[in-house]
Amino acid sequence: MSSPIIRSYPTHTSVIRFLTDSHLRSNGYKVADADPCVYSKCIKESDTTSLIIIAVYVDDFTLASNDINLLEREKKNLAEKFDMVDQGEINYILGMRVRRDRQAGIIRIDQSAYLRNVLQRFGMDECRPISTPMETGKSFEKLAPDEKPVNLKSYQAAIGSLIYASIGTRPDLSYSVGVLSQYMSHPSEEHWKGVKRVFRYIQGTWIIV
């Protein structure tokens, strides 16, 4: 996989999006049904079929192909249209670390660096780890009329950060974060304790294999 970045081009995202979409479609790429920012193209030659996939995020292109020659040709084609910097094989994308074991044919993705930053941002980087993100059978109640809510922006920011991790590489957080996200409009101290427990769980499980 390779990750070129467009440089010195119109910075308005809608302009970049229009130019990128027009160029890729005119060069035989099809948009994925599941994601309008993912393009693919198949080229059949003799008994082989080459596939290239391009994922676009604003002005970042991530390319993947089963044919290195096709990959290099398509990068050259993009460079003729856009002023780009080729950053080579991908290591990080959208807060996710990418590690490849070519011999074993394995790609591993984790968000350990992202999660460390999250814990540090909320003052939980030195917390004591725990083995589960939520107590068994734990239930939460709505904020009582006589209770003082915790800081709303901090709670919502914490939940948002955890949701991003849960839909990326940490599905083990999904249930706990889903429960706690139900109280984003009026979080109590008990709800915040629930969030901190998830942080403590992450402290002991940076990478899920």
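Buried means under 20% relative accessible area, exposed over 50%, and partly exposed in between (1.4 Å probe, protein chains only). This is a predicted model, in which local features need pLDDT of at least 70 and side-chain atom pairs count only at pLDDT 80 or more, while totals for chains, interfaces and linings use all residues. Residues are numbered from 1 along each chain as its sequence is written, and side-chain values use heavy atoms, with hydrogens and water left out.

Q: How many salt bridges does the structure hold?
A: A salt bridge is a side-chain nitrogen of Lys or Arg within 4 Å of a carboxyl oxygen of Asp or Glu. By that criterion, the number of salt bridges in the structure is nine.

Q: Is Asp21 buried or exposed?
A: Asp21 forms a salt bridge with Arg25, with 2.9 Å between the closest N and O atoms. Helices (H or I, at least four residues) and strands (E, at least two) are DSSP runs, numbered from the N terminus. Because the two residues are four apart in helix H1 (residues 13–26), about one helical turn separates them. Arg25 is partly exposed at 49%, whereas Asp21, with a relative accessible area of 18%, is buried.

Q: Which helix holds Glu74?
A: Lys41 and Glu74 form a salt bridge, their closest N and O atoms lying 3.3 Å apart. This pair links distant parts of the chain, 33 residues apart: Lys41 is in strand E3 (residues 38–45), and Glu74 is in helix H2 (residues 68–81).

Q: What is the relative accessible area of Asp110?
A: Asp110 meets Arg97 in a salt bridge (2.9 Å, N to O). Arg97 lies in strand E8 and Asp110 in strand E9. Arg97 is partly exposed at 23%, whereas Asp110 is buried, with a relative accessible area of 2%.
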